[in-house]
Each structure stands twice: as C-alpha cells, then as structure tokens.
Amino acid sequence: MKFCRFISLDGAENVEGPHYGILDGDYVQQLVTAPWTEWRTVGKPRPVASLRLLAPVEPRKIVCVGRNYAAHAAELGNDVPKEPLIFLKPSTSIIGPSEAIVLTRYSRRVEHEGELGLVVGRRCSHLNDHENALSYVSGYTCVNDVTARDLQKSDIQFTRAKGFDTFCPVGPHIESELVPDDLLVETLVNGEVRQSGRTSLMVFPPAFLVRWISHMMTLEPGDLIATGTPAGVGPLIAGDVVSVRIEGIGVLRNPVHAAIA
C-alpha cells in the first residue's frame, strides 16, 4: 500500500493544511490521521492531478547512517565502521517531491546521496535480538541525504554539512508492502545514473539498524531512518535535476537551485 501526504491545488483545501492519503494509481483516498495510527478514510478519491504531493513524513527526528556501503566508504577514503555510524539531520531540512534543493553559499561542493528510508510505525526502545525489528517499520521511501562535502571534511562532525534547509528530500510516498533486504537503489542526475547499488550490500542491514538505533534512542512513530548511500556520490550544480530511484518504491525527483545570495 502506498501512503502519501498532500495538499489540494484548490485554494479552499489549503486552509485545512496537509492530509495523509492512500495513493492508488491516479487517485488518492484521504486519511483522517497518519498511516501509522489506526487510520480511517474519509470522502471520495481525488485525482492526483488535482493535488500536490508533499514529503510523506513529518518526523521528530531523522536518524542517518554513514558509510553503510563498503564501496562508498572506500571512495571517500574511509574504513567501514565496526558499529553503525549515526548522525541526525534536522526535520527542517525535509522537502518533498519536485521541491527545489537550494544550494548554500557556505559550500563549494554539494553532493547527492540517494538512500533507502525507513519510516517508523511503532514506538520502540531497546529491542532485543528475538524481536522482529522490521515490524516496527511502517514502510519505506526514497531519501536524498544532500551533503556539503567540503564542510563535512572541514567540520569533522556532520551537522552543518547535512543540516541546511532543503538538504533532505523525501518521497514520493511510503511503500508499506516491501521486503527491504535486496532492493536496487539508484541516483540519477539529469537522467544519467551516478549511483547504483543493492541494499543487500549494506554493511548493517535495515533490521539490524532499527534494533541497534533503538538502544541509543527511543524511536517514535513517524521518525525517519536513512540507511546509507551506495558508491558514486557526486556534485550538484544549479539547473540539475536529481532523482533517487528505488526498486519497489518509485522515483523521488528534485530540481537544484542556486544559493540564495
């Protein structure tokens, strides 16, 4: 099942704020609450053409995993970590499909990082080895962990490099019926494939990540986990269109705009 978040292009609907919905072909059925609750539908299905899709999540926190593909760690001259390398992105960095990634004047090299995102569906803390960690996941989505690479190198820690507004595109929807262990993850810039790797190549697979992170911090419904990026990261410049394409989910596409002076 595909869950989305949207506003209507009808001005009257915008007053009510964003809604969650079930995406079924060319139509969206509105939900009363978020899909990870005991949701119910309301009203009649609406044509997708009459709506604008937003980022399908409003997380309290975005937990990201670094160097989770050996080839990506190697391309940046890093060793594979012995434990998951995690960091946080602010929720204010999130944008949805078709929204613009805005470059920053503080960086000379902003790069794409296409990733599989896990959307938490149930509160969890200190999961044990016998629990099904993925049962706490509501679904899966595409994430672009946009990174100011020069700032990441100069700062050592990742907060500034990855925390700028618009540096976390997410979408286009959440796919709830998916097995995440061997999916093709690709990033394209202007139609050219730059990154391509399968989730089976992750150093720490999705279930392990959910369980491990739950020992560091409580995961709450709606939280987002970005699971790491395959090799092939590269620069973005104004005028580019960057797409993250994940097997079984779809394509998250965003234009790139120049920095605000």
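Student: Which element supplies the largest share of the lining of the largest pocket, and how many residues does this share comprise?

Tutor: The element is α3, with 3 residues, the largest share of the lining of the largest pocket. The model is a predicted one, in which local features need pLDDT of at least 70 and side-chain atom pairs count only at pLDDT 80 or more, while totals for chains, interfaces and linings use all residues. Residues are numbered from 1 along each chain as its sequence is written, and side-chain values rest on heavy atoms, with hydrogens and water left out.

The site itself comes first. On a 1 Å grid over the protein atoms alone, a pocket is an open set of points with protein on both sides within 12 Å along at least five of seven lines, whereas a cavity is a set where a 1.4 Å probe fits but cannot get out; lining residues have an atom within 4 Å of a point. The volume of the largest pocket is about 250 Å³, a volume being the space filled by probe spheres set on the points, which are joined across faces, edges and corners. Its lining comprises 19 residues, and Arg67, Leu76, Asn78, Gln152 and Phe158 lie nearest the centre. At least two lining residues come from each of β6 (62-66), β7 (85-89) and α3 (149-155). These labels follow DSSP runs numbered from the N terminus: helices are H or I with at least four residues, and strands are E with at least two. By class, the lining contains 6 nonpolar, 6 polar and 7 charged residues. Here Ala, Val, Leu, Ile, Met, Phe, Trp, Tyr, Cys and Pro count as nonpolar, Asp, Glu, Lys and Arg as charged, and the others, Gly among them, as polar.

The second largest pocket has a volume of about 160 Å³. Among the residues that line it are Val102, Tyr106, Phe164, Asp165 and Ile260, and its lining divides into 6 nonpolar, 1 polar and 2 charged residues.

Val102 stands opposite His257 in β19, and 2 bridges join β9 to β19 (residues 250-257), a parallel pair. Two strands are taken to pair if DSSP finds at least two bridges between them. The open sheet has 5 strands in mixed pairing, ordered β9-β19-β18-β15-β16. Because β9 (101-102) and β16 (192-198) are the edge strands, each with a single partner, one side of each has no neighbour in the sheet.

Electrostatic contacts complete the picture. The structure holds 15 salt bridges, each a side-chain nitrogen of Lys or Arg within 4 Å of a carboxyl oxygen of Asp or Glu. One of them joins Arg160 and Asp155 at 2.9 Å, N to O. Lys89, Arg109, Glu111, Glu113, Asp145, Arg149 and Lys162 are linked in a network of salt bridges. Elsewhere, Arg60 and Glu220 meet in a salt bridge at 3.2 Å, N to O. Arg60 lies in the loop between β5 (51-54) and β6, and Glu220 in the loop between α5 and β17 (224-226), so the pair ties together parts 160 residues apart in sequence. Glu220 also meets Lys61 in a salt bridge, at 3.7 Å, N to O. As Lys61 lies in the loop between β5 and β6, this pair ties together parts 159 residues apart in sequence. Arg60 is exposed at 66% relative accessibility, whereas Glu220 is buried at 18% and Lys61 is buried at 16%. Buried means under 20% relative accessible area, exposed over 50%, and partly exposed in between, for a 1.4 Å probe and protein chains only.

Cys64 is buried, at 0% relative accessibility. The count of disulfides is 0, a disulfide being a pair of cysteine sulfur atoms within 2.5 Å. Cys64 is in no disulfide, as the nearest cysteine sulfur, that of Cys168, is 6.1 Å away.
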